[in-house]
Each structure stands twice: as structure tokens, then as C-alpha cells.
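Hi,

Here's the structure I promised to pass along. Have a look first, and my notes on what turned up follow below.

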Amino acid sequence: MKSANTVPSAVKPPNPTKVPAHGGLWARVKQHKTIYLLILPGLLFFILFKFVPMWGLLLSLMDFNPYLGFSGSEWVGFAHFQDLFNDPKFYIMLRNTFMINLIGLVFHFPVPILLALMLNEIRHEAFKRFNQSIVYLPHFLSWVVVASMTFFVLSADIGIVNKLIAESGGNTISFLSNPNYFWGLITAQVMWKEAGWGTIIFLAAMAGVDPSRYEAAVVDGASRFRQIWHVTLPAIRPTIVILLVLRLGNMMDTGFEQILLMMNPLVMSVAEVFDTYAYTFGILNGQISIGVAVGLFKGLVGLVLIVIANTVVKRMGYEGIY
Amino acid sequence: MSFVQKKGLTLFDWVNYILIALISLACIFPFFYVFSVSFTDPKTYVPLKFYLFPDSWSLESYRYILSTNSFLNALYSTLYITVFGTILNIVVSFTMAYGLTKRTMPGYKTIMGMVIFTLVFSAGIVPNYLLVKELGLLNSYWALIWTSLTNAWSLIVIKSFLDSLPGELEQAAKIDGASDMGVFLRIVIPLSKPAIATFTLFFAVMHWNTFFNALIYLSDSSKWTLQLFVKTLVIDGNSGAVAQAGSSDEAVVPQETIRMATIVLSMLPILLVYPFLQKHFAKGVMLGSVKG
């Protein structure tokens, strides 16, 4: 990302690693036989576990019945997709996916940037490292542990916040079962878990700033805020732009494990997303074709979004994800 | 910024330091609270009372949870998947990533294209589940191991690491008559030790923390992993998960202290390797940011 961000993709230099081929195709294949052997286990994995399941996508065009099997089940064309688009639930899932992403974009996305700016301003190395160690830690916990901790901090009966409220005579707040709080809760959890970790990429970009630029700014009488605005922020702007565009490309994704863990019957109307629906219908209820159809819809829209995002990033002259 | 260090702390610094300290406090508080309650003496614990520190300390909850078969079973499942899964992850990822550094190999573009395609599209939850089912892997630890043998992101990061190794050593070994396999085993692998260490930790944490795959592939409670055990015990509030152990003193130890002790135990290995994680992972993130 760093080395490439000044090279517009249109004028990329020719690939220097391209070595002229020795002999014919067969000779080159033979020459690489050990290399193929090394690639084989991984390649088999990709074929079997990533590409073979794609045949399963055909099930979305059938009324698949596991007892009748693939040949015995009836083809129904796009009927499942028609049903899906006519189902009010579909629009609820679409709204939930959109809202969770939008709230995340507005409230979570800027936080690692702000936190990185704050950490970067710490002048005592030891204090900086100490705080970094603390804010990175939640990233390594599983969603099960994070959800469990949320439960002990926020639940209506045993959450410590509500214990405190109850002891001081207030009314307890049902953070976990009130639909009005759900999107905020999900975003707050992501923030707690990932904001610290998200600073790393920005801190690295900040570390690359030439100190003489700060000195020049000080000579010009710039305050600390002005230094941040005119020196630090421009240095991380490319990183911000790339992450923002890629984030937009992932708008179909929601933290699936997280939502599954935080979901309960009381918040279902705001928590149901495509993945949870595919899981409930396709796996728990055995309505395989519907589960596959929902997953395929999500996958295809996600594919289009990420391809657009990647193209935009490349057009801006940065290196994309592929 | 040594040039400003001469001055004392300004108001800007004070506000910044205090805000950061508060953020760190918010990050650490849930850990502190879970630890604190888990060490509370179950006999003096009052469920609805507000505690920050235990009235009296005790290891009773830990003693209890460590004596239940369901917890030990779950620990065994998780260890099994983590150990075998991580070993295979390392072998498959490094061999494949090394192969993918050979751009002149016929088929390179096709294989790389396949790997990258998986970054942007996946068949989805249900088709993956059906495949595992067809392969007869339901309720087998190997369902979790085979389905996460490697992944595109790791391959790309490892490949870019291997690309950065000096090519001269490889060429010199080739001139001395070493085979491709010899070069890989005697030159590339020793040079890759830091990356192997990083990815060992990465894959181990991934397996340790896996929840959803375990949920769909391991429905038999005797095969449950720690994450499923914790989820059932804490989030579903299902005391049956512990009661399965058939212990008679369940009434003596309140659920809350047991649950918190279980959470602490389930994240203990992560906390123990955290100093290494932090050091190596930060590097890995930067490596990954080059591509992906």
C-alpha cells in the first residue's frame, strides 16, 4: 500500500520478475514438478472446500429435499428468489444490514483514527506502549467471551451497571433486550473489541512522517492541533481513503458470530440479517433451498460491492485487495 | 518529537493523557470485573449486590469448574482442534505460499486467481455445511480442521513475506545442486522462522476462538469446544452444561462466580501468549497491509 500509492495503475512498470520461458510448456511444467507438489495440498483444499460448495448454489433453483436427493428434487427456477423479494422480512434484513453498517461507519470508523492521533501525541514512550498493550488486548478475544463480558456488564439482572443503578435507587435499563439499543450495542461492542487494534495501520503511517515537518510547523507557530491537521492527517489520508472505500465494499457484511450471540427473541426485528436467516432456515429448519438462496443473494451483492470498491481504490492510484 | 520534550506537559497533553487513560480503563474494566467475581468466595457472594472487589477471596469456583467433566471435555476438544489444526495450517500455508512465489510456473495465474476469488466470494453457510455433511464429517473435530486448512489472506501475507527473502541464497543453493525441495526445506524454512512463529500464533488463536463452525459442525455436546461450552453456560444461561457433571454441590457454588471463572479459564491461554501476540501480530498486520 505504502510503496504503491504514488504509482497510478495506468503507468505500472513492466513486471520485473517475469523471466523468459525456458523451452516449451511441458518442459516448464516438468521443471516445476516439486513446486506443484508443494502447492497440491493447499490447492486441493481450495477446490474441495471453496469451489465444490459452489455447485450447491444450484440448490437455490430447486425445491431441494434431502431425502429425494439432487436428482429427485424438483427444479423451480427463480421461485425462491421471487418469494424472498416478496417477503417483508427481506426488507427488514436489508434495513438491518444497512443500518448496522451505517452506524458502524459513522460511529466506529473514525474512532481508530482519533485514537491513533491521540496515541501518536503521547510523548512518554512507556506510557504509549502501556496503553497500546491494553487497547489491543480485546482484539484477541473470541466473540463468545466478548458477548459474555457484555452480559456481565450490561444485562438487566446481573449486569454490574444495572446493579449500580439498582443500588442507587434508579430504574434498571434493559440494554440487551430493548430493540432501540441493539444497533448501538453492536457498534459499541465492535468499538470495544477492534478500535484499539485498528490504530496499528494508522500509527505505522504516522511513524513514517519526517520529524522535520513538525519542526517546520513549530517554527511557523503551529499549535498542536494545527500540527495534527497540517502534518499528521495528510500523512494518513491515503490509508483513511482506502479503508473507507473497502469498508463501503463490505456493506453486505455484518459481524455474524457477534449478532448470532447477541440476538434474542425480543430484538429479532432489528437483529435478523442475511447470515442469521440462512443459518436459521437452511441449517436449523432444514429449508435448504431458501438458506442457499439467501446466502447467494448476499454473496452476489457483496461481490459486486467489493469489486466496485476495489476498482475505485485502483482508479485513485492505490493498490487494491487484488 | 524530541524537540518539544524540553517543555513540561501542556494542557493539551494533560487532556490527551487523561482521555487515553479513560479509554484504557474502559478496555480493561470487563477483564477486571470478570476476574474479580471469579475469585469471590461463593459462600459470601450475593447475586444482586454491587461488587468491585470480593469480600473474601477464594478459588472455589475454579476448583468446581475444573472438576466437571463437561468443562474438561470441552478443553480437550479445543486443544485437539487447536494443536492439529495449527500444525496442518502451517504446513499447508507455507508450502502453498512458497509455490506461489514461482511466477513462471505454468498455471500460476489460474491458481492465484482462484485464491483471490475466495476473498471476494464464498458459496455461503448452507452449501459449506452440506459439503461437510456429505463428507460425513459432522460431529468430527476434523470438520473444523479441514474447513480452515488455510485461507487467502494468510497465503497472500506469507507469500509477500517469502517474496521479500533474498533470492541469492536460493540461487546459490541451486547452483550447488540443491533440488527445489532441498531449497525449500534447508533455505526457505529456516529463513521463515519469524513468519512461522507469527502464523502459529495466528492460527492457534483462530482455532481457539472459533465459534460458528463449531456451532454448526459439532452438535453433539460431548464434542463441544470451549467456546460452545462458554456460550451455553453463560449466554444461554443453561446450568445444565455444568450439571451434566453430576456434581452434588452445585447449589453451594453460585452460577455467576462459576461462569466468570469459566470465562477466565477460556481466555487464559490467550492472555498468556498475549505479549508474543502483540509483538508479532502488529508486524503481521503491516505485512498484510501491503496487500489485502
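Arg224(A) forms a salt bridge with Glu121(A), with the closest N and O atoms 3.0 Å apart (a salt bridge here is a side-chain nitrogen of Lys or Arg within 4 Å of a carboxyl oxygen of Asp or Glu). Arg224(A) sits in helix H12 (residues 224-249) of chain A and Glu121(A) in the loop between H6 (110-120) and H7 (125-136) of chain A, so the pair ties together parts that are 103 residues apart in sequence. Helices are DSSP runs of H or I with at least four residues, numbered from the N terminus. Over all chains the count comes to 16 salt bridges.

Before going on: this is a predicted model, where local features need pLDDT of at least 70 and side-chain atom pairs count only at pLDDT 80 or more, while totals for chains, interfaces and linings use all residues. Residues are numbered from 1 along each chain as its sequence is written, chains are lettered from A and ligands numbered from 1 in the order in which they are written, and side-chain values use heavy atoms, leaving out hydrogens and water.

Now the interface. Chain B puts 103 residues into the contact and chain A 99 (contact means heavy atoms within 4.5 Å). About 9,300 Å² is buried between the two chains, with carbon and sulfur atoms giving 77% of that; buried area is the accessible area (1.4 Å probe) that two parts lose on being put together, summed over both. Phe12(B), Phe50(B) and Phe121(B) supply 7% of what chain B buries against chain A, more than any other three residues. Between chain B and chain A there are 3 salt bridges; Asp13(B) and Arg123(A) meet in a salt bridge at 2.3 Å, N to O.

Which helices pack across the chains? H2 (residues 33-55) of chain A packs with H3 (residues 69-99) of chain B at about 120 degrees, axes 8 Å apart (axes are lines fitted to C-alpha atoms, for helices over the stretch in contact, and angles run from 0 to 180 degrees between N-to-C directions). That makes H2(A) oblique to H3(B); angles under 35 degrees count as roughly parallel, over 145 as roughly antiparallel, 65 to 115 as roughly perpendicular and the rest as oblique. Residues of H2(A) including Leu38(A), Leu43(A) and Phe46(A) meet residues of H3(B), among them Val92(B), Met96(B) and Tyr98(B).

H15 (residues 274-284) of chain A and H5 (residues 125-134) of chain B have axes that come within 9 Å and cross at roughly 40 degrees, so they are oblique too.

Cheers

Terms used
Helices (H or I, at least four residues) and strands (E, at least two) are DSSP runs, numbered from the N terminus.
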